[in-house]
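Good morning, and thank you for making time for this presentation.

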There are 4 protein chains.
Amino acid sequence: MTITENNMEIGYVGLGGMGHAMASNLISKGHTLRVWNRSPGKAADLVAQGATLVEHPGQAAAGDGVVFTMVADDAALEQVVGGPDGIAAKLGPGGIHVSMSTVSPETTQRIAALHAERGAAFVVAPVFGRPTAAAAAMLFILVAGEAGARDKIMPLLETMGQRVFPLGDDPVAASIVKLSGNFMIMGVIEAMAEAATLCEKYGVERSAMMDVMTQSIFATPLYVNYGKLIAQHDYANPGFKLSLGFKDANLVMAAARKAHVPMPLASMMHDRFLSALAKDRGELDWTAAALNVSEDAGLRS
Amino acid sequence: MTITENNMEIGYVGLGGMGHAMASNLISKGHTLRVWNRSPGKAADLVAQGATLVEHPGQAAAGDGVVFTMVADDAALEQVVGGPDGIAAKLGPGGIHVSMSTVSPETTQRIAALHAERGAAFVVAPVFGRPTAAAAAMLFILVAGEAGARDKIMPLLETMGQRVFPLGDDPVAASIVKLSGNFMIMGVIEAMAEAATLCEKYGVERSAMMDVMTQSIFATPLYVNYGKLIAQHDYANPGFKLSLGFKDANLVMAAARKAHVPMPLASMMHDRFLSALAKDRGELDWTAAALNVSEDAGLRS
Amino acid sequence: MTITENNMEIGYVGLGGMGHAMASNLISKGHTLRVWNRSPGKAADLVAQGATLVEHPGQAAAGDGVVFTMVADDAALEQVVGGPDGIAAKLGPGGIHVSMSTVSPETTQRIAALHAERGAAFVVAPVFGRPTAAAAAMLFILVAGEAGARDKIMPLLETMGQRVFPLGDDPVAASIVKLSGNFMIMGVIEAMAEAATLCEKYGVERSAMMDVMTQSIFATPLYVNYGKLIAQHDYANPGFKLSLGFKDANLVMAAARKAHVPMPLASMMHDRFLSALAKDRGELDWTAAALNVSEDAGLRS
Amino acid sequence: MTITENNMEIGYVGLGGMGHAMASNLISKGHTLRVWNRSPGKAADLVAQGATLVEHPGQAAAGDGVVFTMVADDAALEQVVGGPDGIAAKLGPGGIHVSMSTVSPETTQRIAALHAERGAAFVVAPVFGRPTAAAAAMLFILVAGEAGARDKIMPLLETMGQRVFPLGDDPVAASIVKLSGNFMIMGVIEAMAEAATLCEKYGVERSAMMDVMTQSIFATPLYVNYGKLIAQHDYANPGFKLSLGFKDANLVMAAARKAHVPMPLASMMHDRFLSALAKDRGELDWTAAALNVSEDAGLRS
């Protein structure tokens, strides 16, 4: 029996915008899911598709099955994994926990150790992409963890994304590369914001400048999407909340601190996001850091 | 008679890696060129292709013809334009000077004024791309200046690049957008260098991390090319010298200063390049700024 | 009976360079002390002066007496205060805990709450000055906490320092002002290091420049002492270890993060210290951050 | 005849707040002055004291006399020194030009060369202190230049300040040390502003925190004066205008650039002042950079 056969035991814990879309894609490929979410209402349509709603995170996990988690942060992950009703208490040898959240290397190591005690495997598989990409199964998925477990879940990951990037046996690798990617996006936000402000002051429309960049040397959906938001100062419909961006800036800095890596660009973005929080912008899209750049230049004040 | 007819008078001044390739592309499309370079040896094969080598920059310019310049910096541009043997002294009504160098808005304004006195047009058309892209006519070309003149030279620009981006009537617009692009690349260098160093310290190979990024959310030739150099600390064959990157960082900061735009990321990159110069790295590729990031983390010292 | 009478019950917990000197000063003024230190050997000469060495931190505290703590960091403070043998378990109504360590506002609040439960008072009294200043009773002492308790211990503080600065009833005030002071010193280190490096490159001796500054507009012992170390790159005999400076930079940033205060100078110093740690300089004096400034300028590499 | 005899030929060029006070002190010690200022009205009371008002800067200089200059910036200095009516055209062997302005090392070198051609000596003698200190002859004066000339003017400098610091034969030394001092003050402004903002957010009054600092480890008039302005956000009566501070930040960065010294704190202050200029604060005291720190923290917006 292989995991790609549809009678495999699969659980999905965490049904926010991202998790819900990924779980839905698994179901639509014929997999039977047990699902859990802190607010169970989010599971309603998945249940209508055939999923079983369970009462505790641990119930989503069969002893030798696969359980995915996609939760908000380190604390939420520790909560669904630990305790008597948690995932770790249910998984045994042959079981695989696939964590898709962006969390710190330290949390990753702690959870890996927990599962190792019980003979279960821990695979870290964070993603790049917004909820629309998740719904379209167009995510980029990183994956790191014990090779056998990784191989087993690969077909499931391929169901959820356009491409999967294996990063070896140490689950920490996927965590740190994912954080690096989010950090690089922060750098893009700052660079675009400064450049747009410079152009604006020289009489070039922000969007004219962005159009050139995103149709020439920076022709990727990421630059196109972010460029549009920053050009128009349009932050009201967050794809990724600034408060979460700040959380990631802190994760990056904490990881850097532990490894003795000075990252002045990360420090700069930490301070940018902090100022945005001080101005009550935590619920806006994280590109709203660009507002501070404009304000520093005496614009929009 | 249109400019695309081959009997049009065309001059090309500045035959470094970029200018030589662009001039060669014009010749191969059937245009007759008068060319000038500070060290005339560079013109030999263009002459073999049919170009005429002249003795002064001004001789490359016919009164109502088109003359391109692609020189190293503001000073070199002022030199080929000004003086009795300069371009400005030769161009008259109907003449067009197309400046393709990356220079400051101030120099752009000064030269525009000079040409305006004599009734000649000034068009600024800086490019994104390295010499290989110039040779393959795959450059991205920005263009700004008086509309009539812009229209006339458009077919010539299209001969040299894969796409031309019009930016209106004010030549300064093209200068500032070009500087903004170079500045955004500086931000990419710093972000990649910090992220690679972080990953390296967590046991992930620099190139493994770069591969993920450049095949997922940062899938553009720019990230691919720069990522490879930074991953391998391979700076010995400069596509763009660090000393020139430093020049551009200073142009960005001077423009920002004049317009009252604080650009902390530009300041950071100014300091990075400055440290690289202090360590005698001016002749390396400008991605060598990444060496400082590694050294700050106690690596490669 | 007042606290200034010598039969008052006084405990002193934490006998490193600073604590030992302060305890010794209390004894020499006729006070009877019960002392505790993690490594008891440090107490030997205090015992010879008449102090009683106890086995647990809590034994240093009489129920309605005064107990001072001067320990390394937040964790050490929590350790001597909490648990069955800790200070909090022994102090009752009328008892006063005077914490002289530099710790976070959060730890301060947590310990204040702990004592409040039992009716004991918590006073925070951090100091400015190095061990030599402590020995000479020349410390500057900040003090904040409930007014009655503050008044009671004032004569004891005056025994230990040249001046005491009251900062009101909220113990957090003393913590945050002390952190601010340490942060301002970090700024002095960076400014001196950059200025000295600039002068050195222009042929002015580092010490010549420092002499001018410290005898004119910056004529304070702090600038004199730090200036000498930085001028001579003399960091081998730490007055304050760089690893502790890094700890304080992190406390400042954590406090700033919580209060939504961007502090780019603190971020810069965080990164400076982090680079110094990456280069194995944690055991040097914290002014060794200046080495990085010189290295960035291509000196001493 | 020595220079201290009152029949010595002395000129003073530049009668702003600082220059006027110093000239007045020279006169009150019995010296006869020829004075010049761009707006001659400023000289009225000096003339009443016995000075002679001349029509061109050069007329303030006798061939072998001493002429002081205290003008706004590099351009103003070049203007009073150069040209047919300038100082350099009038001074000959035995003559001494004493420049007291804060200017760049490059300007200093250029003017030194100009005087050397004609056999005149060039001494650079910039000062620390505000106009009130100048009036009270309490300035700190740096001095560098050819030893014989320096000795000759020493008694005059001592008349104007509380202490004179000799810095050797190369006039550039005094320029770079003066710039370093102004740079260090910028660092003080930023550190105070960040610390005050942090304390404010934790419920400690800005002035309470400043009082502690300026009466303990930072007990100098500089900290006292600047601390008061920053604590009270009181910038309306500039002792030193922010636009001039920005000019000095640029001089520091230009000097650093030339010598390959990365100075991230200088870059930070450059950006702070630039933002302040963008917000129309150039005419405020330069401590007004602290407003930006508060605004970044969401205060006073």
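Let me start with a definition: helices (H or I, at least four residues) and strands (E, at least two) are DSSP runs, numbered from the N terminus. The model is a predicted one, in which local features need pLDDT of at least 70, side-chain atom pairs count only at pLDDT 80 or more, and totals for chains, interfaces and linings use all residues. Residues are numbered from 1 along each chain as its sequence is written, chains are lettered from A and ligands numbered from 1 in the order in which they are written, and side-chain values use heavy atoms, with hydrogens and water left out.

I begin with chain A. An unreviewed UniProt entry lists residues 9-166 of chain A as "domain: 6-phosphogluconate dehydrogenase NADP-binding".

Is A:Lys178 buried or exposed? With a relative accessible area of 6%, A:Lys178 is buried; buried means under 20% relative accessible area, exposed over 50%, and partly exposed in between, with a 1.4 Å probe and protein chains only. Beyond its neighbours within four places in sequence, A:Lys178 is in contact (heavy atoms within 4.5 Å) with A:Thr102, A:Pro126, A:Val127, A:Phe128 and A:Leu142.

One backbone feature of chain A deserves a remark. Most residues other than glycine have a negative phi. A:Asp280, however, has a positive phi, near 60 degrees. This residue is found in the loop between α12 (264-278) and α13 (289-296) of chain A, and at 73% relative accessibility A:Asp280 counts as exposed.

A positive phi also occurs in chain D. D:His233, not a glycine, has a phi of about 45 degrees, and its place is the loop between α10 and α11 (242-259) of chain D. D:His233 is buried, with a relative accessible area of 15%.

I turn now to the pairing of chains C and D. The same surface serves both copies, and 100% of the contact residues of chain C recur in chain D.

How much area is buried between chain C and chain D? The figure is about 4900 Å², of which carbon and sulfur atoms give 79%; buried area is the accessible area (1.4 Å probe) that two parts lose on being put together, summed over both. C:Met184, C:Tyr202 and C:Ile217 supply 16% of the area that chain C buries against chain D, more than any other three residues. In terms of contacts, 58 residues of chain C meet 58 residues of chain D.

Across this interface the rule finds zero salt bridges, a salt bridge being a side-chain nitrogen of Lys or Arg within 4 Å of a carboxyl oxygen of Asp or Glu. It does find 11 residue pairs in polar contact, both residues at pLDDT 80 or more. A polar contact is a pair of N or O atoms within 3.5 Å; within protein, one must be able to donate a hydrogen and the other to accept it, and residues adjacent in sequence count only if both atoms are side-chain atoms. On the side of chain C that touches chain D, α8(C) gives the most, with 20 residues.

Finally, two details of chain C. C:Ser216 lies in the loop between α9 (206-214) and α10 (221-231) and is buried at 6% relative accessibility. Its side chain reaches the backbone oxygen of C:Val212 at 2.7 Å, and C:Ser216 also touches D:Phe128, D:Phe140 and D:Phe165, residues up to four places away in sequence not being counted. In α10(C), the buried residues include C:Leu222, C:Tyr223 and C:Tyr226. Their cover includes α8, α9 and α13 of chain C together with α8 and α10 of chain D.

Notes
UniProt positions are given in the numbering used here, feature names are shortened, and annotations may be inferred rather than shown by experiment.
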